[in-house]
Amino acid sequence: MAQYTKHPVKAPPTAPDRESTGHLLLRGYVILVFIVAFAHTALYNLVGVNGAGAVMVVLTLAALAIGIPMIARAEPHPFPWRRLPWSALGYVALALVSVAWSQWRLPTIITWLLLAAVTVNALLIAHAFSWQEIVRALASAFKWILGLSLALELWVSLVVHGPLLPNFLTLPDGDVDPHWYWVRDNLFDGGRIQGIVGNSNVLAIISLFAIVTFGVRFALRARWRTTLVMWMLLAAYLMFRASSATTYVCALAAAVVLMVALLIRRARTPGARTRIYAVCGGAVAVVVAAVIVFHRPLFEALGRSSDLTGRTDLIWTKVLERAASHPVFGNGFSSPWIPTDPAFDGWITDHGITVFHAHNMWLDVLMQLGAVGVALMAAAYIGLLWRAWFFAADRPRWNLRADRPYSPLTLLPLLFTVILLVQGLAESTPIMLWGWLMLVLFSFKIKSVPLVGIGLDEQSRVTERGSRARRIP
């Protein structure tokens, strides 16, 4: 029987390029690193401190086992040593050297190993993955965290019918402070939920990061866009139920920066950009001044006390007192603080729990590494913010052609950086674990691949691994 086809005889259809098994395994490893970094408190609540530490050791050894051969063989491309995030690496070096004068040497050593582990994994991800793959891996990690958070909350409410303690411990007799619970069984009673991470503030900020990531994937016209919308709705619901005032402020700041970036993209002339910068800069200055003047009623409207839930009186005053004793090089690195160490045990407590960070990244760095550490951290974040802004605001250009379309993907590092900086005013997480991971990852990636798409190394780096990237003429 005769068969007809529209394909020319000399050009039969070919199967699409498929990723190698090794690269698929690497992607799975990177997703696992993101899950462990963002949901690290879930590890503590599931396997304890020792188990969480063992997981980080395994991930670090795996990163070295994967990364060293890749660098030696220059795969998937030569390692860009000159484009490393030197300010961030200088901070890592200072943290290690601080062992010499640390007032708490054991916490310095332990937490520095954690910092080094996160740094190594961030450099590996930035070197081995393209921009598209990084966003895709982030989206997968957030789906796991959000999905498991909803599942755990449902299980506690529908099956356990009561709050759940870390490590599945049996509830003791008598009253227990709700701050000790892993999950408080608040899903159906209107209270703040905590999800698998066991902390409402952490769940809220992760949900915000997820909304940004899913939104970028949606704008990139990724497959299963209806499913992405459903994940965005779930993230928005969890963020609302977590009810974190800090996250609401971060979301507002990210929305303002997104609006300004989109306006800058639409500007046709340098003069138009200048006017947008002037108007938006003036508006931001007015808003900041208003917040400073009217912060008390604003905090009350958000359901928070004027002292930022005890931060100014309970935590920041004591941190500043300790920072004043060694203002130049600090008292020694420890992020987070080790609650069982005599230097921190019972020093600052909240609801009977020893606080493990200063709830302000800049005060935390000042106490630990002094003014020198603050300068290095400021250089790292300001450098990232500067590059991330022009990464998002400038058209991709590698030759004389200046009319290439913008990519929604370039907005993601900018929005993540803004969220981290705003959150750092009330939390210390931007200087450790997932906050530090994002800082090193985006700093290194933007410096080594400052454009998304074809024209630089991005195409060759993707196609050499046999992925589905398409050459644009």
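A polar contact here is a pair of N or O atoms within 3.5 Å; within protein, one must be able to donate a hydrogen and the other to accept it. Keep in mind as you click around that this is a predicted model.

With that cut-off in hand, select Asn199 and Asn201. Asn199 caps the N-terminal end of H6, with a side-chain oxygen 2.9 Å from the backbone nitrogen of Asn201.

Now extend the selection to residues 200-219, which is helix H6 itself. Its 20 residues reach 29 Å from the first C-alpha to the last, close to the 28 Å expected at 1.5 Å a residue. Following H6, pick Arg221 and check the backbone: phi is positive, near 60 degrees.

Next stop: residues 270-293, helix H9. H9 has 24 residues and reaches 35 Å from its first C-alpha to its last, close to the expected 34 Å. Which residues of H9 are buried? Select Ala272, Arg273, Ile276 and Cys280. Color the cysteine sulfurs if you like: a search of the whole structure finds zero disulfides.

Definitions and conventions: Residues are numbered from 1 along each chain as its sequence is written. This is a predicted model: local features need pLDDT of at least 70, side-chain atom pairs count only at pLDDT 80 or more; totals for chains, interfaces and linings use all residues. Side-chain values use heavy atoms; hydrogens and water are left out. Helices (H or I, at least four residues) and strands (E, at least two) are DSSP runs, numbered from the N terminus. The expected span of a helix is 1.5 Å times one less than its number of residues. Buried means under 20% relative accessible area, exposed over 50%, partly exposed in between (1.4 Å probe, protein chains only). A disulfide is a pair of cysteine sulfur atoms within 2.5 Å.
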